[in-house]
Amino acid sequence: MDKRGKTLHMGGKLLTLVQLILSAGLLIVIWNSSILPMRYIIAAAVVMLALFGITFGLQFLRNKIYIVGIVLSILISAGMGIGIIYMLKADKLMEDVGGASYKTDNMIVVVKKESPASNLLDAKGYRFGMQKSVDQENNQLMKEDIERALGQEIKIEEYATPSEEAEALLKGRIEAAIYNEAFAGIIDDAVKGYSDQVRILYQYGINTEIEQKKTNIQKPFNVYISGIDVDGPITTNSRSDVNIIMTVNPNTRKILLTTTPRDYYVPIPGVSGEQKDKLTHAGIYGVDVSMKTLESIYGIDISYYARVNFTSLINIVDALGGVDVNSEYAFTTTHGSYEIKKGMNHMDGATALGFSRERYSFEAGDNQRGKNQEAVLTAILNKAMSLAILTNANQIIASVGDSVETNMTQEEMAKFINLQLSDSSAWSIESAAATGTGDNQTCFSSGDEILYVMNPNEQSIQEISQKMTQISAEK
């Protein structure tokens with residue numbers, strides 16, 4: 001063998017050693033992630049050792065077939081390196097999305113658009129408005145923060161509700177308004193064109209820890225899925241426009257999706273006392289308060305939550321290559337003017353979002369919207385539990401990190417994925433939707449203003465509660 005051949009042989013042997021190191025690295029990353037069942041890890045180790053044996057053994061052959069071993073080793077090493085990157089990205093996503101332990105109240109100072117103030121110091125002599133009906137603790141913390149920043153006490157005018165405070169700002173009775181940004185939706189509903197006439201001058205985030213519940217992921221559990229539509233961090237408190245409880249039984253591989261209308265007229269535990277409010281307003285006080293409200297309605301325990309920004313729905317569906325959604329009606333969506341046919345529709349992210357938001361095309365209004373949201377979620381779950389989750393993993397990881405949060409820890413998510421891979425049998429997904437009748441009433445969070453609400457149908461609640469219990473009790 002000439003000198004050049006010996007050099008190639010030596011280089012080939014070194015390449016196979018790099019291949020072995022990368023293979024070991026991938027196994028270590030997979031082991032640490034706890035995602036794959038042990039039998040898969042053992043099988044992967046056997047395959048990796050076999051590949052190493054082949055590529056390394058080829059380097060001892062005298063004819064030029066050893067070059068094939070070099071090429072194979074390069075390709076295998078590249079595959080192992082890509083595998084390591086994918087696994088580390090997946091771990092990072094679960095770390096970023098999971099383990100949420102706090103909620104954020106984004107307190108703001110708002111002025112009219114034409115106000116000469118460009119920062120808080122410019123508002124030193126302003127009269128500030130502050131509502132006194134709800135959220136007093138956060139209002140007081142914001143007041144103290146402003147006074148620290150300005151180095152003096154501020155002039156405060158108190159108003160009964162956030163809407164009255166907003167009216168006072170627009171009419172010039174005050175120069176600045178202090179409130180929790182979570183109330184912006186309520187104000188916009190009450191004061192036409194309000195958000196187009198004001199701008200945020202200053203903001204201050206107040207983080208509050210959320211109590212965590214210990215749960216065995218291998219036993220039945222409930223997850224609250226909250227759909228929000230806000231800018232900024234996903235942790236920020238806001239109204240919840242989508243309220244779905246996912247009852248999961250890992251043993252029977254059954255899932256029950258229950259939608260509760262956003263306008264359900266119910267007390268908010270720990271907040272409104274005996275006075276009733278819309279379910280969507282519970283989200284203003286935090287995702288934990290929404291969970292307690294739903295627990296009170298159905299008499300259940302909810303261990304986990306997942307908050308999803310509407311923008312992430314587009315990203316998730318597109319990353320999955322679209323989803324197949326069954327529609328009970330043919331209609332044109334108000335958002336986006338998408339044509340939906342009765343029966344199965346293949347939807348991209350934007351179409352799925354328009355479909356999920358629609359309520360004006362149906363006589364049942366919000367009740368049908370809830371069923372449509374369940375249909376989209378069912379389609380996402382079905383696609384995510386197929387090979388699409390593997391072939392599109394990189395795109396999914398890149399697109400949803402900033403738009404989703406859950407209190408399920410990285411370890412719990414890994415264990416659940418492990419359980420899914422250990423038993424590849426299909427999941428059975430059922431749906432339920434709470435119903436009610438429309439009404440007009442005052443709500444705790446909006447003062448004396450009359451708003452549209454939905455009085456709960458107690459029979460539908462009882463039937464759903466029994467179904468949740470049944471799904472959870474099955475062995």
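**A guided tour from the strand 8–strand 9 loop**

Begin by selecting Thr 260, which lies in the loop between strand 8 (254-259) and strand 9. Helices (DSSP H or I, at least four residues) and strands (E, at least two) are DSSP runs numbered from the N terminus. The model is a predicted one, in which local features need pLDDT of at least 70 and side-chain atom pairs count only at pLDDT 80 or more, while totals for chains, interfaces and linings use all residues. Residues are numbered from 1 along each chain as its sequence is written, and side-chain values use heavy atoms, with hydrogens and water left out.

Thr 260 counts as buried because its relative accessibility is 2%; buried means under 20% relative accessible area, exposed over 50%, and partly exposed in between (1.4 Å probe, protein chains only). Display Tyr 298 next: its side chain and that of Thr 260 are joined by a polar contact of 2.7 Å. Such a contact is a pair of N or O atoms within 3.5 Å; within protein, one must be able to donate a hydrogen and the other to accept it, and residues adjacent in sequence count only if both atoms are side-chain atoms.

**Salt bridges**

Arg 359 belongs to the loop between helix 10 (349-357) and helix 11 (366-384) and Asp 263 to the loop between strand 8 and strand 9, so the pair ties together parts that are 96 residues apart in sequence. A salt bridge is a side-chain nitrogen of Lys or Arg within 4 Å of a carboxyl oxygen of Asp or Glu. Is Asp 263 buried or exposed? Asp 263 is buried, with a relative accessible area of 1%, whereas Arg 359 is partly exposed at 23%.

Move to Lys 254 and Glu 474, a salt bridge with its closest N and O atoms 3.0 Å apart. Lys 254 lies in strand 8 and Glu 474 in the segment after helix 15 (458-473), so this pair ties together parts that are 220 residues apart in sequence.

Next, select Arg 127 and Glu 175, whose side chains form a salt bridge (2.4 Å, N to O). Because Arg 127 lies in strand 2 (residues 127-131) and Glu 175 in the loop between helix 5 (162-170) and strand 4 (176-180), the pair ties together parts that are 48 residues apart in sequence. Both are partly exposed, Arg 127 at 30% and Glu 175 at 26%. How many salt bridges does the rule give? The count comes to 13.

Select helix 1 (residues 3-33), which includes Lys 13. Lys 13 is partly exposed at 24%, and its C-alpha atom is separated by 9.0 Å from that of Gly 57, 44 residues apart along the chain. Leu 49 is found in helix 2 (residues 38-58) and is exposed at 55% relative accessibility.

Finish at helix 3 (residues 66-97), where 32 residues reach 46 Å from first C-alpha to last, close to the expected 46 Å; the expected span is 1.5 Å times one less than the number of residues. Just after helix 3, Gly 99 takes a positive phi of about 70°.
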